[in-house]
Amino acid sequence: MPCEVCGKNTSTRRVVIDGVEMSVCVSCAKFGKESAPGQVAGASARAMIQQIMAKPTRSQDIYSKITDELVSDYGQRVREARIAKHLEIKDVGKAINEKHTVLLKIEEGSMRPNDELVKKLERLLEIKLKTTETPIAPQRTFGAASGMTLGDFIKVKKKD
Ligand SMILES: [Zn+2]
């Protein structure tokens with residue numbers, strides 16, 4: 001007689017799984033307890049048990065949709081830009097009203113900043129943290145947006 005849980009054709013025993021009496025093989029019997037009278041097997045029980053036994057396959061799609069725009073080296077970019085501007089983490093924290101512990105985690109790459117924080121950091125440090133935008137803008141727009149030329153930016157970086 002086939003096992004009602006895994007379908008293996010072997011000798012089965014009656015056990016109660018999740019309140020439903022079923023004929024199952026020895027290895028599936030451990031998911032239930034020995035049959036008690038008055039309980040009836042349900043047609044949906046097998047599907048239900050299989051669902052419980054199945055490994056979770058939760059999709060990461062929603063998560064990655066929200067965050068995949070963020071560059072992978074966001075922490076390094078924040079740290080380098082901050083150092084180039086001679087700012088302490090606590091200065092950045094004060095400027096954008098964020099805990100320095102949070103900023104430290106972001107620089108370490110152990111915490112992804114949310115959209116709001118990304119915008120604040122981008123504005124304050126004049127960097128780009130999203131892949132949808134060009135990491136380094138062409139010189140003209142870079143200078144116009146920040147008051148610095150790309151040449152100045154490279155000089156500042158080299159000094160450190
Ligand atoms: Zn089985």
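**Basis of the entries.** I am working from a predicted model, in which local features need pLDDT of at least 70 and side-chain atom pairs count only at pLDDT 80 or more, while totals for chains, interfaces and linings use all residues. I number residues from 1 along each chain as its sequence is written.

**Overall layout.** I noted 9 helices and 3 strands, which are DSSP runs numbered from the N terminus (helices H or I, at least four residues; strands E, at least two). From the N terminus on, I read the order of elements as β-β-α-β-α-α-α-α-α-α-α-α. Of the 160 residues, 17% count as buried; a residue is buried if 20 or more other C-beta atoms lie within 10 Å of its own, exposed if 12 or fewer, and partly exposed in between, with C-beta atoms placed from the backbone. Of the contacts with a separation of 6 or more, 37% come from residues 24 or more positions apart.

**The cores.** I then returned to alanine 81, which is one of the 11 residues of the largest nonpolar core, together with Tyr74, Val78, Val92, Leu103, Ile106, Val118, Leu121, Leu125, Ile127 and Leu129. By a nonpolar core I mean a set of buried Ala, Val, Leu, Ile, Met, Phe, Trp, Tyr and Cys residues joined through C-beta atoms within 7 Å. At least two residues of this core are supplied by each of helix 4, helix 6 and helix 7. Another core lies apart from it and has 9 residues, including Cys3, Val5, Val15 and Val24.

**Helix 7.** In helix 7 (residues 115-125) I listed Val118, Leu121 and Leu125 as the buried residues. Seen down the helix axis, they fall within an arc of 70°, so they line one face of helix 7; the arc is that of the directions from the helix axis to the C-beta atoms. These buried residues pack against helix 4 (74-84) and helix 5 (89-96), whereas the face turned away from the buried side carries the exposed residues Asp115, Glu116 and Arg123. Glutamate 126 follows helix 7 and has a positive phi, near 55°.

**Helices 5 and 6.** I next looked up how helix 5 packs with helix 6 (residues 100-108), and noted an angle of about 115° with the axes 9 Å apart. The axes are lines fitted to C-alpha atoms, for helices over the stretch in contact, and the angles run from 0 to 180 degrees between N-to-C directions. On the helix 5 side I found Ile89, Lys90, Val92 and Gly93, which meet His100, Leu103 and Leu104 in helix 6.

**Methionine 111.** I placed methionine 111 in the loop between helix 6 and helix 7, where it is partly exposed, with 16 other C-beta atoms within 10 Å. Not counting residues up to four places away in sequence, methionine 111 touches Val102, Lys105 and Ile106.

**Cysteine 28.** Beyond its neighbours within four places in sequence, cysteine 28 is in contact with Cys3, Val5 and Cys6.

Technical notes
Two residues are in contact if their C-beta atoms, placed from the backbone, lie within 7 Å.
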